[in-house]
Amino acid sequence: MELVGRGGELARLEELLVASRRGEGSAVLVSGSPGTGKSALLRDFTGRAEAAGALVLNACATPAESDLALGVAGQLLSGVEAGAGWSGPYDDGGDGGAYGRGGGDVPAVFHRALREVAATVPLVVAVDDVQYMDELSARCLLYLCGRFGTSPILLAMGGLPLSRSSRPAQPLVELLRHPRCLTVDLPVFGEDAVADFLRAPAAGGMDPGAALRLAPAWHRVTGGNPRLLRGLLDDHMDCAPLRPAGPVTGTAFRWAVTGCLHPAEAGEQAVARGLAVLGDAATVTLLARLLGLHEREVAAVLDSLGATGLLAAGRWRHEAARAAVLENLPAEEHARLHSRTARLLLEDGADPRTVARHVLAAGAAGIGSGAVPGGTGQDAGTAAGAGEPWAVAVLAEAAELAMRTGEARLAARFLRTAHPACTDERRRAGLLEALARAEWESDPAAVTRHLPALEGALRSRAFDTGRAAGPIGLLLWHGRPDEAARALSALGSAGPVRELRSWLGQVYPQSARAGGGDPGAAAERVLEGIAFDQAPPTIAAASLSALVYAGETQRAVHWCTMLLDAEAVPTTPVRRAVVAAAASVVHGRTGRYEEAAEYAGRALALLSPEAWGVGIGMPLSAAVAAAVCLGRYEEAARQLRVPVPEAMFRTRAGLHYLLARGRYQLAVGRLRAALGDFHACRDLLARWRLDLGGAVDWRAPAAQAERELGRGLAVQGAPEGPVAALSRAEFRVAALVAQGCTNRAIAARLYVTTSTVEQHLTNSYRKLSVRSRADLAALVTAGSV
């Protein structure tokens, strides 16, 4: 297959064979980069030569035998009967001299043996990979080349250009530059030749139209290198019966890449590995510094790799080629190169995120040196571990930049390495806060593992008060208001702490009292912070809600619009979800139910219920309320099946959820269930001593439910006797206790929280002077008789 597009080169070799049969002996080198088909061309040509009656002597040099004297010459004459003084490999007596046991000079003996063979039959001497030929064999072939005379001998060689050989032996250099030695170059294919390759029968005979269509893309990946094309074709055929529209770089392609980088060419291997590690940051200067080579050497190797087709303009043509090189990089070398690269890039002022990626790669091998960037006395090849102070600083700075650009997942990767490596306690606490925030914005459910450590750091005052907002917001989001309150108590009473206490009261009204001042102004200060990536989204959600509760609906609409549309705001899924949830609440409040439903759906699609924490009450309540107002009762029922945490009913969002659920129950005729939800809103507002006015209007729908029921109680009959002292809500709970229901079952029956049930029971015990459920049940039963 590799001979596709090589008709001209094959014709030239056949012309030389014809000339040698006329007694015009000569030498020819088939030269080209790895993978261009030199060996295949030689095999095809020697097969044709044998078919035409010539005797072919074959040999192949290898790196392992490059120091084996007469290794190639011995291969060539292994099938020739001893004669003319040649008796095979010789004993040089230990002095390195070029004399065989036949008593003559070895090159002369070699020449005489071939000349005697050629006297009876045309002779082709074929040697592949001549760049690895031992010096004495090269001397023999050089001697032959200078004495062709009228002998019908053709010396056909295949190998890399001299420029790609590390240290070619001087006889080989003289041989390949001899006036009687011609060169046939095998360049990589152009796009037309790639199309010919694809539609050749040996390649599976691809349809000509498909071949023309695919050729440009395949050429971009391979640079026209036949070996790379073969690998790409094998991967393409492995996809059958599918027909990929573009190149598929699989295992065969990666093997082809490594085959084009022979391990014997150490300089080429080093440059390829350095280029793979540096990636887009690679320059000739940086490569030279990384590898400790001169820039001229690096530039020459890059030119050679470009001729192979692997590179284009000094960069890997395809990421799969770069990945193939990295896969074959030993772990210790991998760590050393990435460590050295990190230090060099840091010295050059590169983007900290680029430096940090190399720190991560170096630290993965667990190698550390304690060196500082730019320091002296250290081996340039020693790897720097991620635990070094400079590396921790780079990782932290890179994480901060990643957060600003919405790359929360990348920031978390940096911080997961920096945090455990940091030894300074306060700095470590700051990294923990940053890590928790980054993980929350990329995977909120995963951040729960950091909550105990964050709470401990808050209590020990390891955080500056200015950085406490993030951990406090996470505790609130994941239903831990008591822990947040304890942490705030440990932080003192500074201005920022007072504002955090105010937000604790905004989210969990029973846990703390809201601070004084204008809540709308405080909310806007927080929203200004999130607009510039300073405030956590948890507090931002509470701030938008606070504007609604304060009657500042238009201001809330303004901030929602700005946060949704502003290009400067990082676009992590969590931030988009939180702002969309707040927008759904605001739009529902202004009667724009279609928009409310759209934003609520967007918010719920961005995060799972587990990731939402107590915040799920915002989008769920808005979604249910909008669906009810639009008459979409099945949609409302579907949203109400989404599981919610118990702690949500301790938040203001829980109030809205109860109100929305009650309106749905009322709309579908479940009047007692609806009344239970409305009364639960009433009880929570009374317990929290809140008057939210129209923000949580439970009275009007409750009155409608009672009118439709035709009576004011949600149970049959009226309490008599001692139990008449109980309120309606308390009597309903007591009646269910008398039926043997547990607190959880009562909460489910009445659509209230278990804490509400417990509160009613406590009040009932006090009013009736009883101490047990059995005593309470007895009084209820006696009052019903």
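In the predicted model, C681 is buried, with a relative accessible area of 0%. C239, by contrast, is partly exposed, with a relative accessible area of 23%; this value lies outside the buried class because that class is limited to residues under 20%. A disulfide is a covalent bond between the sulfur atoms of two cysteines. With a cut-off of 2.5 Å between cysteine sulfur atoms, zero disulfides were counted in the model.

The largest nonpolar core comprises 99 residues. Within this core, the members that touch the most others are L458, I472, W612, I746 and L776. Helix α33, spanning residues 671–688, supplies the largest share of the core, namely nine residues. In soluble globular proteins, nonpolar side chains tend to be buried together.

A buried histidine was also characterised. H111 is located in helix α4, which covers residues 106–118. The relative accessible area of H111 is 8%, and this residue is therefore classed as buried, the limit for that class being under 20%. When neighbours within four places in sequence are set aside, H111 is in contact with Y143, L144 and R147. For R147, a polar atom of the H111 side chain lies 3.4 Å from the backbone oxygen.

Conventions. Residues are numbered from 1 along each chain as its sequence is written. This is a predicted model: local features need pLDDT of at least 70, side-chain atom pairs count only at pLDDT 80 or more; totals for chains, interfaces and linings use all residues. Side-chain values use heavy atoms; hydrogens and water are left out. A nonpolar core is a set of buried Ala, Val, Leu, Ile, Met, Phe, Trp, Tyr and Cys residues joined through side-chain atoms within 4.5 Å. Buried means under 20% relative accessible area, exposed over 50%, partly exposed in between (1.4 Å probe, protein chains only). Helices (H or I, at least four residues) and strands (E, at least two) are DSSP runs, numbered from the N terminus. A polar contact is a pair of N or O atoms within 3.5 Å; within protein, one must be able to donate a hydrogen and the other to accept it, and residues adjacent in sequence count only if both atoms are side-chain atoms. Contact means heavy atoms within 4.5 Å.
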